[in-house]
Structure formats: structure tokens, C-alpha cells
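We'll look at a pair of helices, then at some strands.

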Amino acid sequence: MSKRIIKKVAVLGSGVMGSRIACHFAGVGLQVLLLDIVPKDVTKEAKPGERNKIVNDALTAAIKSNPSPVYHKNVVKKITTGNFEDNMKDIATCDWIIEVVVERLDIKKIVFDQVEQYRKPGTLITSNTSGIPIHMMAEGRSEDFKKHFCGTHFFNPPRYLRLLEIIPTPDTNPDVVDFLMNYGDLYLGKTTVLCKDTPAFIANRVGVFGMMAIMNVKEKLGLSIDEIDALTGPIIGRPKSATFRTGDVVGLDTLVKVAKGVADNCPDDEAIDQFAIPAWLDKMIANNWLGDKTGQGFFKKTKNEKGEKEILTLNLETMEYGPRIKPKFATVEAAKPIDDLYSRLKMLVAGQDKAGEFYRLFHYGLFSYISHRIPEISDELYRVDDGMMAGFGWEIGAFESWDVLGVAKTLEAMKAAGYKVAPWVDEMIAAGNKSFYKVENGKKYAYDPATKTYKLLPGGEAFIVMSNYTDKQIWKNGSCKLYDLGDDVLGLQWFTKMGSIGGDVLSGIQTAIDKAEKNYKGLVIANEGPNFSAGANVGMIFMLAIDQEYDELDMAIRMFQNTMMRLRYSSIPVVAAPHGLSLGGACELSLHSDKCCPAAETYTGLVELGVGLIPGGGGTKEFVLRASDEMHEDEPETITLKNRFLSIATAKVATSAQEGFDLGVYRKGLDEVVMNQGRRIAEAKKSVIEIFDSGYTTPVQRNDIKVLGQSALGALYSGIHAMRTANYATEHDSVVAKKLAYVMCGGDLSEQTLVSEQYLLDLEREAFLSLCGEKKTLERIQSVLKSGRPIRN
């Protein structure tokens, strides 16, 4: 098989999905040709701007949308727009053509007729359809087209939802399938899931069943919309949008279309009655209450008498909107303090109130359904879990949930409640196999019903999950676990709320480095779960400050600083692999690591100013050090320092790893973005080995950091005063900003001076301590703690 290289992609159709798929391809570095129809009544003689109005408007709208569909604003330059009439010929220069036009088979066939005229043989041709059978689109096409044709179903928004379903036809060349599975994973950052060409494929088939089943359980138990969304969100490892809010986001017309599609095309589905559309949902469709796209659905945004924004909830019995009610269930309240999802799930399903009854009915129905979908929609059960986690944002897959609750025990309860399962599950249990998954020697295996054996999950060494290395755990404390990842590399992770960094974690980092220095090549620091870390434990800082325990607070800050310096100046390479939120103290950890391998979706920054503090774990020092290294003779030195100052003073957060380079957190030519989040730990491990084997030596502490003293301090103070005068900053903001400026200028020095890292750390710590005594700072910290959200400006 010849090596296939993708340099340019043609995206046919610029609607919501097409424009954003184009942005994602451009975001990974590809040239993109985005085409759509010519507006009606526009003549052939019209200017290109008029003939390309539809595609240009769509791309502009996509770029302006929030959240952003691109990793960096500059990638838009890689997208060229055009129209089907004038520019279809240009697809001859493309290596992959993806069709994303309206969901009508007749229109898709017209587009493919045009594609056949200009596509060069061997070019990949795929469709992003979410429901039309792939084999029907391939009918009547040329042999070369059929061999290179496949379904590639992205989920919206393509940048953020990690699922890419790959759906071949019987005519698709297996090499094409293998290529797309690998390319989607490695270059597009996706969880690629191989699907059979069945209605709604995998994720939508199971996901829409889940939503419809929940609606039916709601009717049975008499629960409200607010109650259902409280029960089906983060408490069970699902997104905040839960069930009904997800319906509003997706669009109720889309939900109904998929549900009807399954009901019409899957007559043998044993749960077909679950897909029947409730009368109240039919009425909502008739009223055009389709969710966000029409301004109201299950929820409606409005303003109260005071002009304040308010969200109302639909009462499905009266079909009238009313104030949202925050439900309370004893089982849920008892489970909330439990951080571990597995333990929390067990408690919820065992609950003796209405919440517990809901969880049992919901899970029994889900488990029954997924058991019957094997081998109909997939031969491998793990693909169902991959699809739900990557496409619907579940933290834990359906089969994995069944494992957590105990397969045999749950099966017995299901049968007692009248739920049936597919025969292969009974056979699996009868053969003495107690779970769908098992872990051996750090590797995860899934049960294969066809061979009645366990098979290793694909990906091997490319996907390291540290929690699978329980038999290679070499140390732990109350928050951290340290694993031997093989090849003389250690891996450290911690299990605190939001990944917060407190004394236990700092102690864990120190211990991990100690052990690595004695017997290993190096250390990887990473976390599982939704985020790397939201930063330092501000709750601990708040308590010490309120009690005026300034000696203990000073010790805590010194410990943080010393740990970061230990990272930087250990005798072994330390590589961090952040993902999701990597804020404040976690950003400081990245700044002091020998190398970072952030996932593309990493949101990082020094955000301490958001609570009236400055970065106190070496972050301020590190930004001064980097500013010193970046100063050039051909530009004023204060400009470089000012840019670094503003990044901290405005608590700026990079909204992607690529933006992290602009922010100065990640270093060009050294730090490395990993597109697929699941690969970041393996890439970090590989980096540790490469750095060590290339002859790693302990860096020497710096004492040559140029600070600008009074000359820069005056300029920064002047800028702060201007911001305060114009009411862009509060009085307290000004106090904090001046403290920051003082540290970053090296103090009130009469001239430029070369100083050491320790000198700056001491200034940083003193400023941090003094701000902990500010009433406004304590009020801001308390507000953040009450909200339960990470620090943001």
C-alpha cells in the first residue's frame, strides 16, 4: 500500500457542520477548500464576492461563534472559499473530499455526480451524514469512487466533541478504513469508532435511546424537567446539559428526526416502543419550540420585572413556563461529597428514594438495550462505550457502568424487574467471566462475544491510562498515586477536587522526583478526569488568611515555590501532560517542567489576579525570567516586560494549547501539542526517554535575570493609574496590579540590575502574603469558593 498524505481537503457544504469541519481541518494545519451553492438570482457574470456570498457568510459566522471553532485565529488563512459552479473543478487538487450538504439523498447524489467529473482517482471521498445509509449514497458510482468512499460522521461542534464515526460500505477498501481510523485519531485528535452501516450508527442510536428512555421513566415516576436534569448531569458523570438542556442545544426537531428514523428503519428493535414520540413533544414541535434555535424549548430565557435574566422551565402537563426549581433528593445529597465517580454511582443506584428508583430503571433499560445492540451495530462492545464518551461527553461508558455496579448482581436485579438481556451476556456470566473489561499489566482488555474471550483494546502503548497500572503502583498518599509506567519512567497523578494542588500534592511531587532520581530516567505528571488542575488549593489559603496564620501561610507558599524549583532543577527530566483546565498553580507547574505535552484542548493561564492575588508559586518569577530572555536591542525592553505583565494582570487564559504559545506559557521548539488527548501521557513518556537518552544534565539556577527597576515601574504604574481613572479597574485591582508591577520590575531599583531567581521568588512571596491580608482579596476568594468554579478574571 502506497503512503497516503493529506495536504488539502475539500469540504462541500458550508452550513453549521461544514464550516466548522473546515475550521477544524485548517486548525490541524491543512489547506482547505470550502464550497457551497451560488445564491439564487445571481448571474454567472456577477463578481466572486456575490457568487460566494453563502459560503463566505457561513464561514464568517462560524469564526465569530462562541466557543471558537479554531485553535488559533491565524488558521482561517488556510481556508479558501468558492462555489459548486465555479470551483468544483478545484477539488482535483485535494487529497480528501468530504460532503456536508443537506440531509437529502437526492441532493447528495447530484453533488457526487459533480464530484465524479473532477475528483482525481484514489482521492478519499466521504460523507458526514448522520442518518442516510452509506451504501445508498455509493449506489451507481464508479468503482474507484466506491473503493475510496466511506462515512465520516463528525459530532457538533467538531473541534470540541471528540467522536468521529467511520462507516464503511462493503465496497470500501480496507486500507481506506484503516487510514481514516488512524488519521482521525493521530492528526484530528478524535476517538475514531468503526461503525456498521445501521440507522443512526452507534452514538446517536444509543444516545437518543437513552434520552427517549429517560423521558419515559420521567412519565412513570412523575418527575419534572428540573428533577431529571438534576439527576442526569455531572452527578452521574454526564455533561452539565444533562438531558433536557441537551435536547434544547441539539434541537428538538433533530432529536425527533433521529428517534423516528430508528423507529421507521429498525422494526426488529426490541425497544422500538421507547422511540415513540410523546404527545407533549409533538405539541412542542408544532409550536416551533425547538430549543435554542427558536428561543425556547424545554427552557426559555427571559427577563423578570427587575430586568434581570431568568431561565424558565416548561411544565409538560400545563405546557406553560415557570420559574426553575432546584430539586433535592436525599440520595443525591448524600452522594455529592463523593469525588470518585465509581463509588458515587454505586450509592446513587442503591438509593431508597425516588432518585434511586430512577437510577435503577434508567440503568436497567440502558444495559438491556446495549446488550441487544451487539453485534447489530458493532461487533465490539468497547466501541459503544467509546462512542458515548467521545460523542455525548459521558465520563464513563455504558458497559463500564455495568461493570462498576457488578454485572451478575445487576443482571439478577434486572431480570427480577422484568428486563431482558441478550443471550451472550448470560453466556459470559455462565462461563465465569465477571466483567466486560479487565486490566492486566497496565493493559485493558474487553470481552469479545464472538470468540468468548477477552481481547486487548487497540492503541496499545499509544494510550496510557495510569489508573490501569494499579499493579505497578509504587507509592501513594492521601491525594496522589505514583506508578511505574515501564521503560524506567514514573507517572504521577492526583485525585483532588478539580485537581487542586495542596500540601499532599506538593509532597507527592517531591516524593516522585526523589524516587525518580534514584532509580528511573524521569517523571511524567498528568491527571485523568475532565481537567488537569484548576490551580492551588485556594480554600486552604483562605482559611489560613482568615485565621491570620501568616507564618503557616508563608510556609505553604515557600513549599509551593520550592516544589516548582525542585521540578526545574531535579537531576531527571520532568514532563507535564496537561489537558482541560490548567490554571494558576497548574500553569506554574507547566512553566517549571522540562517539557510540556499539552492536549490541544488545554486552557491555561496565570489567573490569580482574578481573586486579588499574584502568582505565588514561581509564576511571576518565571514570566520575569522569560521576559528577560526575550528582550532585544531592536525594541524597547519595557515592551517585552509590559506584555508579560498584562498577561498576568488581566488573568488572561489561552483557549487552546496553540494560544498557550502566544501567552508565553508554552515554548516554541520545545513544548509539543498533542492533538488526541488520550495520547498525551504516552507522548510525555516518550519525551522523558528522549531527553534522558540525549544526555540530560541538571540546569543551573539563574542569577542573570535582567530587571528594569524604576524605569519600567514608573511606566507600569502610569498605565495602572490610567486604567483606574477610566474605570477599567477597581481600586483593589490597582493595589494588586501595583504589587505585581513591583515584583516584575525587581523592586524599586534605581537602575537595571541582574538578579537571581531566589531574589524574585522572595519578592513574589512577600507580595502574595501582603495581599492575603487585604479584605477585598478575601471576599473574592470566598466568592470563588462559594461558586465552586475555577478562578477566572
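How do the axes of helix H24 and helix H25 cross, and within what distance do they come? Keep in mind that this is a predicted model. H24 covers residues 585-592 and H25 covers residues 619-630; their axes come within 9 Å and cross at roughly 40°. That angle is why H24 counts as oblique to H25, since only angles under 35 degrees would be called roughly parallel. As for handedness, H24 passes H25 in a left-handed crossing. If you want to see who touches whom, pick out Glu-588, Leu-591 and His-592 on the H24 side; they meet Gly-619, Lys-621, Glu-622, Phe-623 and Arg-626 of H25.

Now hop over to strand S17, residues 489-494, where 6 of the 6 residues are buried. Both faces are covered: one side carries Val-489, Gly-491 and Gln-493, while Leu-490, Leu-492 and Trp-494 sit on the other.

So what pairs with this strand? Strand S16 (residues 480-484) runs antiparallel to S17, with 5 bridges between them, and Leu-482 has Leu-492 as its bridge partner in S17.

To get from S17 to S18, the chain goes through helix H21 (residues 503-519), making a right-handed β-α-β crossover.

Definitions and conventions. Residues numbered from 1 in each chain as written. Predicted model: local features only at pLDDT ≥ 70, side-chain atom pairs only at ≥ 80, totals over all residues. Heavy atoms only, no water. Buried < 20%, exposed > 50% of the residue type's maximum accessible area, 1.4 Å probe, protein only. Helix = DSSP H or I, 4+ residues; strand = E, 2+ residues; numbered from the N terminus. Pairing = 2+ DSSP bridges. Right-handed = clockwise from strand over helix to strand, strands pointing away. Axes fitted to C-alpha atoms, helices over the stretch in contact; angles between N-to-C directions. Parallel < 35°, antiparallel > 145°, perpendicular 65-115°, else oblique. Left-handed = near helix turned anticlockwise from the far one by under 90°. Contact = heavy atoms within 4.5 Å.
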